[in-house]
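Good morning, and thank you for coming. Please keep the model open on your screens while I go through its main features.

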Amino acid sequence: EQIPDLAVFYIAFRETKAPFDNVHVRRAFSAAFDRATFVETVRQGQGLPMKHFAPPGIFGAPEPGTVGLAYDTEAAKASLQAYLDDKGITIDDFNAMDIVLMHNTSEGHANIAAAIQQMWADNLGAEVRVENQEWGVYLDTITKDTAIEEVPHIFRLGWCADYPDENNWIHEVFNSDEGANRVRTDNADFNALTVAAGEAQDPAEREALYEQAEKMFAEEIVGYAPIYHYTAMNVTQSWVTRNFPPLGANDFYNWTVDEAARG
């Protein structure tokens with residue numbers, strides 16, 4: 001059985017580095033990526049294609065499929081063309097900008113980057129160069145304090161839960177005042193929204209505010225393109241009824257065994 005894990009794989013766009021300082025470009029690159037096909041082919045079916053950040057099991061996470069930009073090649077092409085028309089340039093001029101997608105050194109990440117690169121070429125006509133760095137160097141490169149001319153336009157990263165609440169996700173990762181903010185967004189409305197969600201006392205209000213924040217970041221700011229949520233594979237006997245805690249070890253005391261079926 002494939003069980004959702006509290007972890008996500010995503011690619012992020014540098015909002016302060018041209019041409020990704022334009023939301024039309026960010027929206028085009030997000031909508032031009034076929035997550036379902038990617039998971040089925042590159043990941044051999046392991047993972048859940050996702051359009052927003054926090055996975056099921058995180059308090060305040062949106063229902064899967066309700067938030068985020070869908071795979072839509074026509075919308076993606078139109079969005080990129082809007083940018084080209086506004087700048088008075090062609091796709092060849094765009095490709096001459098030497099757009100870089102960076103990942104940390106890993107054969108698995110290299111395969112993922114190659115698949116993303118090919119989809120953008122096929123669906124947008126966009127040429128993206130892939131680079132990789134060793135993990136320690138990579139972490140220094142993608143920090144929010146690195147000079148903008150030294151960072152890639154796009155980079156991959158994952159996030160795993162420290163605790164199962166959206167504060168640990170949409171706020172601590174992307175709020176530009178209080179979070180890691182490797183994508184370098186600076187949206188006062190988004191920042192205020194994640195802070196308000198963390199301070200709200202009513203759980204229903206918190207959930208609604210976090211959903212708004214997820215929607216704003218994935219659909220309006222488009223600071224990233226979530227790719228898939230990790231999953232864990234579990235083999236369970238048919239005579240065992242069990243649960244799957246989102247964090248921590250198995251709580252065996254909640255399991256039951258059907259002795260008659262066990263035989």
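Let me begin with a convention: a residue is called buried under 20% relative accessible area, exposed over 50%, and partly exposed in between, with a 1.4 Å probe and protein chains only. The areas themselves come from the Shrake-Rupley method with that 1.4 Å probe, and for residues only the protein chains shown count as cover. The model is predicted, so local features need pLDDT of at least 70 and side-chain atom pairs count only at pLDDT 80 or more, while totals for chains, interfaces and linings use all residues. Residues are numbered from 1 along each chain as its sequence is written, and side-chain values use heavy atoms, with hydrogens and water left out.

I turn to the interior. A nonpolar core here is a set of buried Ala, Val, Leu, Ile, Met, Phe, Trp, Tyr and Cys residues joined through side-chain atoms within 4.5 Å. The largest such core has 34 residues, and those touching the most other members are Phe29, Phe38, Phe94, Trp120, Leu124 and Ile154. At least two residues each are supplied by strand 1 (2-13), helix 1 (23-31), helix 2 (35-41), helix 3 (73-87), strand 3 (99-104), helix 5 (107-124) and strand 6 (224-233). Helix 5 contributes the most, namely seven residues. As general background, nonpolar side chains tend to be buried together in soluble globular proteins.

Phenylalanine 13 belongs to strand 1. Is phenylalanine 13 buried or exposed? It counts as buried, because its relative accessibility is 0%.

Next, the charged side chains. A salt bridge is taken as a side-chain nitrogen of Lys or Arg within 4 Å of a carboxyl oxygen of Asp or Glu. How many salt bridges does the structure hold? There are six.

In one of them, arginine 129 and glutamate 131 meet through their side chains at 2.3 Å, N to O. Both partners are partly exposed: glutamate 131 has a relative accessible area of 26%, and arginine 129 has 35%.

Another salt bridge joins lysine 215 to glutamate 219, with the closest N and O atoms 2.9 Å apart. These two residues are separated by about one helical turn, because they are four residues apart in helix 9. Lysine 215 is partly exposed at 38% relative accessibility, whereas glutamate 219 counts as buried at 19%.

Arginine 262 and glutamate 259 form a further salt bridge, their closest N and O atoms being 3.9 Å apart. Here the residues are three apart in helix 10 (residues 259-262), so about one helical turn separates them. Arginine 262 is partly exposed at 46%, and glutamate 259 is exposed at 51%. Elsewhere, salt bridges that share partners link Asp98, Arg129 and Glu131 into one network.

Aspartate 98 also deserves attention for its backbone. Its phi is near 55°, a positive value in a residue other than glycine. Aspartate 98 sits in the loop between helix 4 (91-95) and strand 3, and it is partly exposed at 37%.

Glutamine 44 likewise has a positive phi, near 50°. It lies in the loop between helix 2 and strand 2 (48-49) and is exposed, with a relative accessible area of 59%.

The peptide bond from alanine 18 to proline 19 is cis, with omega near 5°. Proline 19 is placed in the loop between strand 1 and helix 1. In general, most residues other than glycine have a negative phi, and most peptide bonds are trans.

Glutamate 205 is found in helix 9 (residues 203-221) and is partly exposed at 43% relative accessibility. Alanine 208 is also placed in helix 9, and it is partly exposed at 36%. The C-alpha atoms of alanine 208 and alanine 61 are separated by 9.5 Å, with the two residues 147 apart along the chain. 

Which residues form the negative surface patch? They are Glu63, Asp202, Glu205, Glu207 and Glu211. Patches are made of residues with over 30% relative accessible area and no salt bridge, like charges being joined within 9 Å and nonpolar side chains (Val, Leu, Ile, Met, Phe, Trp, Tyr) within 5 Å. Lys and Arg count as positive and Asp and Glu as negative, with His and the chain ends not counted; the place of a charge is NZ of Lys, CZ of Arg, CG of Asp or CD of Glu.
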